[in-house]
Amino acid sequence: MTNNEKIVELIGVFEKAKNKFLKNEKEIIEIDINERTLSARLMFHLQTLLLNEIYQENYKEYSVDCEYNRMNKDMKKIIQEDNIVNLIYPDIILHKRNSNDNLIAIEMKKICSNNKAKNKDRIKLKALTNSKGKNDFHYILGVYFEVDTTGNNNHIIEFFVDGKEYKKS
């Protein structure tokens, strides 16, 4: 499988989990529940999807984790351009634990979150997917998922590959 085919497959996996999440979690989305609860429920739908026989063979060795702050045994941290180091806790990741086999990093925000926090998550996803910079996390796909808790269904999805925003075709 080529890298582009893998990216397309991972986007498909995310989209299916997202659709299940939006369909089954309307009640908690509409009451503007805490972002961590939303992340945990999306993680549940992603994990359940990967147990499905369609995906089980390809992803049986992978784990879906929330707030996972380790890179092997070390704290997960991003080194910024100005060499400032920040510890990070990605909202959801699909990976093989204790290895550099990292597939998806997901950051979730509610639509009412402040723009500074939203942009910080986008910067984090760029770093997590950029294997050529100071950070070498090897994530194939980064997903920024902004959940519209106002009931208008204006959810925002942005994908990141190789440290840049990726437009699916």
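Let's start with Phe21: leaving aside neighbours within four places in sequence, Phe21 is in contact (heavy atoms within 4.5 Å) with Ile29, Leu38, Arg41, Leu42, His45, Met108, Phe145 and Val147. A quick word on what we're looking at: this is a predicted model, where local features need pLDDT of at least 70, side-chain atom pairs count only at pLDDT 80 or more, and totals for chains, interfaces and linings use all residues. Residues are numbered from 1 along each chain as its sequence is written, and side-chain values use heavy atoms, with hydrogens and water left out.

Now, the core. Phe21 is one of the residues that touch the most other members of the largest nonpolar core, along with Leu42, Tyr59, Ile106 and Met108, and this core has 32 residues. By nonpolar core I mean a set of buried Ala, Val, Leu, Ile, Met, Phe, Trp, Tyr and Cys residues joined through side-chain atoms within 4.5 Å; buried is under 20% relative accessible area, exposed over 50%, and partly exposed in between, with a 1.4 Å probe and protein chains only. Which element gives the largest share of this core? Helix 1 does, with eight residues. Helices and strands here are DSSP runs, H or I of at least four residues and E of at least two, numbered from the N terminus.

On to the helix pair. Helix 1 (residues 3–24) packs with helix 3 (residues 35–51) at an angle of about 125°, and their axes are 9 Å apart. The axes are lines fitted to C-alpha atoms over the stretch in contact, and angles run from 0 to 180 degrees between N-to-C directions. That makes helix 1 oblique to helix 3; angles under 35 degrees count as roughly parallel, over 145 as roughly antiparallel, 65 to 115 as roughly perpendicular, and the rest as oblique. Among the residues making the contact are Val13, Ala17 and Phe21 of helix 1, and Leu38, Leu42 and His45 of helix 3.

Helix 1 also holds Glu15. Is Glu15 buried or exposed? Glu15 is buried, at a relative accessible area of 16%. Not counting residues up to four places away in sequence, Glu15 touches Phe159 and Lys168.

Last stop, Ser113, in the loop between strand 7 and helix 5 (115–129). Ser113 is buried too, with a relative accessible area of 18%. Its contacts, leaving aside neighbours within four places in sequence, are Glu35 and Lys118. The C-alpha atoms of Ser113 and Asn34 are separated by 11 Å, while the two residues are 79 residues apart along the chain.
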